[in-house]
Amino acid sequence: MTQDQETGVPAQGFGDAVEPNPVAGEEPGMARILRRETHSSRAGAAGIAAVLVIVLCVYALLESAVRALGQPPWLIDPGTAAERIIALPAGISPLLLGASGAVIAMFGLFFFLHAVLPGRRARHLLRDPRIAVVVDDEVLASALARRARLAANVTQEQVMVVVSQRQVVVNVRPTSGSPVSEEAVLAAVQAELEEMSPVPLPEVRVNLGTSGVVGA
């Protein structure tokens, strides 16, 4: 019996692929926490929908109970409401009908988008084998702007970086009379990104301004 068989560790050959650095907190127990930190909660929208449904159901139940007791309705009789809904759009002005439809459509669109969109926050994960690291996109943008500013040799006000989930846009306004190499800025920002290793790794796009800034 060989030493590999005794320890239960398979031998690694020269052709075996080397695994990349793990994403911060890839353990199953940490994955739920990281998802909570990088995705917006749906509890608010679900709570609003539940409250609306409960209120409508309680109101319908109370109106039905009042009608069963032979008392006048609080707002509208359920039978009368059903008849008016069936008779739509008769009896309602087109303006009121259009406004009501727009409000209902907005509510429906709100809940639909909350249900289907991923709801990602402006945050990225960083690769680290030991700890879970979550960084705001504003922090990434600040670090990338500093690297781009040094590469372009411009002031802080002449660089603006926008970081999204899949893309980094670097806007540089060069100083008049001092040309800026777009390739140098792009290489510097990409090197900074590769060093930080955010997940997912966004693409970099550099925009040089057509008009220069007068130097101090």
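**Exercise 1. Find which helices supply at least two residues each to the nonpolar patch.**

Step 1. Take the helices as DSSP runs of H or I with at least four residues, and strands as E runs of at least two, numbered from the N terminus. Residues are numbered from 1 along each chain as its sequence is written. The model is predicted: local features need pLDDT of at least 70, side-chain atom pairs count only at pLDDT 80 or more, totals for chains, interfaces and linings use all residues, and side-chain values use heavy atoms, with hydrogens and water left out.

Step 2. List the patch members. They are I48, L52, V103, F107 and F110, and they make a nonpolar surface patch of about 430 Å². Patch residues have over 30% relative accessible area and no salt bridge; nonpolar side chains (Val, Leu, Ile, Met, Phe, Trp, Tyr) are joined within 5 Å, like charges within 9 Å. A salt bridge is a side-chain nitrogen of Lys or Arg within 4 Å of a carboxyl oxygen of Asp or Glu. Areas come from the Shrake-Rupley method with a 1.4 Å probe; for residues, only the protein chains shown count as cover.

Step 3. Assign the helices. α3 (43-68) and α5 each give at least two residues. The largest share, three residues, belongs to α5.

**Exercise 2. Describe the aromatic pair formed by F110 and F111.**

Step 1. Count the pairs. The structure holds one aromatic pair.

Step 2. Classify the geometry. F110 and F111 sit 5.2 Å centre to centre, with 75° between the planes, which is edge-to-face. Rings of Phe, Tyr and Trp (its six-membered ring) pair if their centres lie within 6.5 Å; planes under 30 degrees apart are stacked, over 60 edge-to-face, the rest tilted.

Step 3. F110 lies in helix α5. F110 has a relative accessible area of 34%, so F110 is partly exposed. F111, at 23%, is partly exposed too. Buried means under 20% and exposed over 50%, with partly exposed in between (1.4 Å probe, protein chains only).

**Exercise 3. Work out which strands stand at the edges of the open sheet.**

Step 1. Write the order. The three strands run β3-β4-β6, with mixed pairing. Two strands pair if DSSP finds at least two bridges between them.

Step 2. Pick the edges. β3 (159-163) and β6 (203-208) each have a single partner strand, so one side of each is left without a neighbour in the sheet.

Step 3. Inspect one pairing. Six bridges join β4 (residues 167-172) to β6, and these strands run parallel. Q167 has E203 in β6 as its bridge partner.
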